[in-house]
Amino acid sequence: MEKKDIASFDYEELKTEIIQMGEKAFRGRQIYEWLHVKLADSFGEMTNLSKQLRQRLEEEYIIPEMKIIEHQVSKKDPTEKFLFELGDGNMIESVLMRYTYGNSVCISSQAGCRMGCRFCASAIGGLKRNLTVSEMLRQVYKIQKRAGERISNIVVMGTGEPLDNYDNFVKFVRMASDEYGLNISQRNITASTCGIVPNMRRLAGEGFQITLALSLHGSSQEKREKLMPVAHQYELKDVLEACDEYFRMTGRRITFEYSLVEGVNDRPDDIRELTHILKKRNCHLNLIPVNPVRERDYRKPDRESALEFKNKLEKNGINVTIRRERGSDIDGACGQLRRRFAGS
Ligand code: SAH
């Protein structure tokens, strides 16, 4: 019989498992605490359980392996990158960013990605597989443990499309914000999507307080299609309506992300169209000068043009910032994750 992943059970599920083993419910509580508060990597660490119970757990369950096989520290800013090897040999990356308001971890939601955005390095090798709930959680746990500092914020903006791994992603949010676990405030969790409309609508109904970030990148249907294949499947009009529904249902302001690509989406037309789209919405626009990816021919506008783009939008009444680049010397910047290790 294949061993079950014990770290992907939520509190209720774990209690049920443990009761079915003939143990008392409070053992479930203890084990949950070992896994999700004390961040244990093995049953051997769970010293308040009997040896016998630890042995049985060992026989029936696994805590999936996640080895840190590389750890890079930026010299430019307080950013660190971690490369994990999963039990089946897949690799994923996560980034730790320290801010004045606290520590934030950027996690991956899939090994690879099948969305194919033209400027994104994660798209190049396609999707390998979805990450399990525990593989998402334990990126945060492992980093918290290694850094010896509390993680207070999570951004799901690494490799993968969280809404293409919907059920695991939603369970991940529940467990990361669970009072019996790390208890990270949902308001400190942001998930970024390329715009999978049906799942954006489902997410709006989950009762979460997380921030939804929408990768816009083009100010019209036509321009989005050029940069993001997923735009052929979901029209901009419908994506924006789904954003509105998310705001209506949760009261959480949408963040729009816009990777600035020189000569492609940084023209006066784009300012006009973006203003038209965003002016009537209670939202925030985050400009990300595109990080060049070796395999792609896209360039970022120079600092001055990016500032001008931002200032013009601001004059038009748009709430806009240029995202500070972090960890560029360790390939920690958006879209560069994992690529160097993907075997090509
Ligand atoms: N699948 C999710 C999360 C992906 S990464 C999504 O599409 O939103 C998070 C953000 O980084 C997205 O907005 C993505 O479009 C952006 N991004 C990817 N590659 C980039 C690059 N090379 N330069 C700048 N931004 C990039």
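**Strand 12 and its partners**

I looked up the bridge partner of L214 and found F256 in strand 12. The model I am reading is a predicted one. I then checked the pairing of strand 11 (residues 211–215) with strand 12 and recorded three bridges in the parallel sense. On strand 13 (residues 283–289), I noted seven bridges to strand 12, and these two strands also run parallel. Within strand 13, L287 stands opposite Y258.

I next asked how many of the residues of strand 12 are buried. Seven of the seven are, so I describe strand 12 as largely enclosed by the rest of the structure. I recalled that side chains in a regular strand alternate between the two faces of the sheet. I therefore listed the faces of strand 12 separately, with burial meaning under 20% relative accessible area. On one side I found I254, F256, Y258 and L260, and on the other T255, E257 and S259; every one of these is buried, and both faces are covered.

**The ligand**

A side-chain N or O atom of S192 lies 2.5 Å from a ligand oxygen. A polar backbone atom of T193 is 3.4 Å from an oxygen atom of the ligand. For G160, I noted a polar backbone atom at 3.0 Å from a ligand nitrogen. The ligand on its own has 530 Å² of accessible area, of which the protein covers 96%.

**Helix 5**

I examined helix 5 (residues 166–176) for burial. Eight of its 11 residues are buried, so I regard helix 5 as largely enclosed by the rest of the structure. The buried residues are Y166, F169, V170, K171, F172, V173, M175 and A176. I looked up what they pack against: helix 1 (11–20), helix 2 (25–36), helix 4 (133–147), strand 9 (153–156), strand 10 and helix 6 (197–204).

I located K310 in helix 10 (residues 303–315). K310 has a relative accessible area of 16% and is buried, because the cut-off for burial is under 20%. Not counting residues up to four places away in sequence, I found K310 touching L287, V320, T321 and I322.

I found I31 in helix 2, buried with a relative accessible area of 0%. Leaving aside neighbours within four places in sequence, I listed the contacts of I31 as I6, L14, I18, M46, L49 and L57. I also looked up its separation from V264, which is 233 residues away along the chain: the two C-alpha atoms are 52 Å apart.

**Positive phi**

I noted L39, which is not a glycine, with a positive phi of about 60°. L39 lies in the loop between helix 2 and helix 3 (51–60). The relative accessible area of L39 is 5%, and I recorded this residue as buried.

For N183, also a residue other than glycine, I read a positive phi near 60°. N183 belongs to the loop between helix 5 and strand 10.

Methods. Residues numbered from 1 in each chain as written. Predicted model: local features only at pLDDT ≥ 70, side-chain atom pairs only at ≥ 80, totals over all residues. Heavy atoms only, no water. Polar contact = N/O pair within 3.5 Å; in protein donor to acceptor, adjacent residues only side chain to side chain. Areas by Shrake-Rupley, 256 points an atom, 1.4 Å probe, with all protein chains shown as cover. Buried < 20%, exposed > 50% of the residue type's maximum accessible area, 1.4 Å probe, protein only. Helix = DSSP H or I, 4+ residues; strand = E, 2+ residues; numbered from the N terminus. Contact = heavy atoms within 4.5 Å. Pairing = 2+ DSSP bridges.
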